[in-house]
Amino acid sequence: MKYQKEWRTFLTENSKMLGFSISDIVDRINSYQNNTWIFFDTETMGFNPQMDQITEIGAMALDPTTGEVIGDFDEFIKLNPPSLARLHDPESEERRQWDKEQKKSWKPLDKPSDVLAMTRYGGKDREYHDEQEILSKFEEFIEQFPNPLLVAKNARFDMHFVNARKSERLKRYPVLDTDPFIKHHAIPLLIEFANGDFDPFSRRVQLRAQSILKTLEYRPGKYSSSLGKMAPAFGIDVGDWHNALADVKMTIEMFNSLQKLFTYPLGRNVDTRRGHEKAVAQDKKAGRL
């Protein structure tokens, strides 16, 4: 709970956008035109920062007025002794703890190396450095740009890990989490388009929305907001998914697509309040808000 209270204060934009209309969302995006947008992503050994280390951090700095990339960061982290014990010693406490955690997972892995294989960790053409060194360098990267805004797909996860693993917490930067941005606003808007509930009506827009939702749907009426689903739904290549810098590039492309999506209904009669309220209620029930 201690870590949750500390890193949660960073996610100010998450709560600020609850109840926003689509025009409010566009205004919020435009309000950051004087910031440097730092899109970033982490790869980790698992979901618990108390036992799972970070293995890679990728980031790209953008000038929002031009869309120009003005800096990038991509660093790999060497495995620490607990991670190595988990990988190579089946009788170690670290491995037993990992096995215990997997039993509670909805999609358990067979062995710890599966995580590293998924993120393509271990390439010989890379340099690997100490975790604290890379976390400090990451903050130095952020600090070189004026008025930074951190942007991440599921910033809840990434900010949690960075602040739990870093010996000294990051400074307090504004943070934009694109996950609730997608779930609470983009998907409800797509549903309205797919249902034809907008004026003036466009059959082309309706068919496009139906196609996107078909790709996102994993159960009847349930839609995924994961990058691995959202990106291909919008025609974005996911060949290097789960590589930090590749995920950052995908998130930037995804965000550009969402900006176009949110611009379309301005001046048109589109009501997303019901879908927004339903999505927010689901997140609150699941303890994500």
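# Pocket lining and salt bridges in a predicted model

Biologist: Which helix gives the most to the lining of the second largest pocket?

Modeller: That is α10, with five residues. A pocket is an open set of points on a 1 Å grid over the protein atoms alone where a 1.4 Å probe fits, with protein on both sides within 12 Å along at least five of seven lines; lining residues have an atom within 4 Å of a point. Helices (H or I, at least four residues) and strands (E, at least two) are DSSP runs numbered from the N terminus.

Biologist: Which elements give two or more residues to the lining of the second largest pocket?

Modeller: The pocket is lined by residues including Leu190, Arg204, Ile212, Phe234 and Tyr264. The elements with two or more lining residues are α9 (178-195), α10 (203-216) and α12 (244-263). The lining divides into eight nonpolar, one polar and three charged residues.

Biologist: What should I know about the model itself?

Modeller: It is a predicted model, in which local features need pLDDT of at least 70 and side-chain atom pairs count only at pLDDT 80 or more, while totals for chains, interfaces and linings use all residues. Residues are numbered from 1 along each chain as its sequence is written, and side-chain values use heavy atoms, without hydrogens and water.

Biologist: What is the mean pLDDT, and which helix has the lowest?

Modeller: The mean pLDDT (the predictor's confidence in each residue, from 0 to 100) is 89, and 94% of the residues reach 70 or more. Helix α1 (residues 2-8) has the lowest mean among the elements, 41, whereas helix α7 (residues 131-143) has the highest, 98.

Biologist: Changing topic, how many salt bridges are there?

Modeller: The structure holds 13, each a side-chain nitrogen of Lys or Arg within 4 Å of a carboxyl oxygen of Asp or Glu. In one of them, Arg86 meets Asp52 at 2.9 Å, N to O. Arg86 lies in helix α4 (residues 81-88) and Asp52 in the loop between β1 (36-44) and β2 (54-63), so the pair ties together parts 34 residues apart in sequence.

Biologist: Are Arg86 and Asp52 buried or exposed?

Modeller: Both Arg86 and Asp52 are buried; buried means under 20% relative accessible area, exposed over 50%, and partly exposed in between (1.4 Å probe, protein chains only).

Biologist: Where does the Arg165 pair sit?

Modeller: Arg165 meets Glu131 in a salt bridge at 2.8 Å, N to O. Arg165 is in helix α8 (residues 155-165) and Glu131 in helix α7, 34 residues apart. Arg165 counts as buried at 16% relative accessibility, as does Glu131 at 7%.

Terms used. Ala, Val, Leu, Ile, Met, Phe, Trp, Tyr, Cys and Pro count as nonpolar, Asp, Glu, Lys and Arg as charged, and the others, Gly among them, as polar.
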